[in-house]
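Subject: Structure handover

Hello,

Here is the structure for you to look through. My notes follow below it.

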Amino acid sequence: MRKRLLTTSPFLTGLKLLAILPPVGIGWLIYLSRWQWLALLKHPRQFSRHDPLLGFIVLLMGITTLNLNHHDYRSVILSVLMLFVLGNLWLLCRESTQSIAWHELRKFIIQFGLYITISGFAFHWLNQVLTLPTWLKFMLGDLLWGYAANQNRLFGSAYNPNDACCLLLIALGLLLTQLSHGSVHPFTRWPLINWFLVGLLCVGIYQTKSRTGLMIMIAILIMTTYQLCRHHRILVTTILIAGSLIVWHVFPRSASTITALQSRLTI
């Protein structure tokens, strides 16, 4: 038990720092995986042979580095850094598969989703009330890489609204799975609070203004509703048909949906 705590506690601490103080979390995860990177440098062929995913990440880092002579070199450096952090996460997750409990990781992901939602609203309010120092924005992840164009979309301490939406969808799915199937490790002991947190995650997904994310959220909620209301499926279907007529009017960025679809088809 003592050995397990020693191996999982630093990793979970790094994940929590990655959510609350992203630059500190990135540095901590890089520090934790230092020995794995040294082994990778000493035996690169062995890693690529036994770990194709890590080999693919390293290959992407090399290809991305070739674009450093591009005029927008800052985005290239940022992309390489993100791939490096992704490699760190993969190395640490691979080493922790036998020591970290699934319910601990699941609870962290749900907490991360809730933090993104709450911090996103907090950052938006603070930016209207006062001007935060640049160093504080950098440490908290608010506009971490200068995403001023997304200031009307929720992303909290995530990289951008689409990444935030992806994390929120995973958190929503995990929480709904707990509520629909039951769990020996519930998120909280109070069912009403759990359903309130489901609603909070849904609000966060909506505020990211990701149309694809919202459609996935609706699909998840529909499947969960049919599972929980097995004896009232006809009533649920009627409500869903009536509600679909209202959804379009509150759909985020609905005015530009057709234009966005045409641009994607062109691409």
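The crossing of α7 and α9 is left-handed: the near helix is turned anticlockwise from the far one by less than a right angle (clockwise would be right-handed). Helices here are DSSP runs (H or I, at least four residues), numbered from the N terminus.

This is a predicted model, where local features need pLDDT of at least 70, side-chain atom pairs count only at pLDDT 80 or more, and totals for chains, interfaces and linings use all residues. Residues are numbered from 1 along each chain as its sequence is written, and side-chain values use heavy atoms, without hydrogens and water.

Back to the pair. α7 and α9 pack at about 130°, axes 8 Å apart. Axes are lines fitted to C-alpha atoms over the stretch in contact, with angles from 0 to 180 degrees between N-to-C directions.

Contact means heavy atoms within 4.5 Å. On the α7 side, the residues include W102, F112 and I116. They meet α9 residues, among them L168, L175 and Q178.

Now the core. The largest nonpolar core has 37 residues. Such a core is a set of buried Ala, Val, Leu, Ile, Met, Phe, Trp, Tyr and Cys residues joined through side-chain atoms within 4.5 Å. Buried means under 20% relative accessible area, exposed over 50%, partly exposed in between (1.4 Å probe, protein chains only). α9 gives the most to this core, nine residues. M217 touches L169, L172, C202 and I205, leaving aside residues up to four places away in sequence.

Overall, the chain has 13 helices and zero strands. Of its 267 residues, 34% are buried.

Best wishes

Note on methods:
Helix = DSSP H or I, 4+ residues; strand = E, 2+ residues; numbered from the N terminus.
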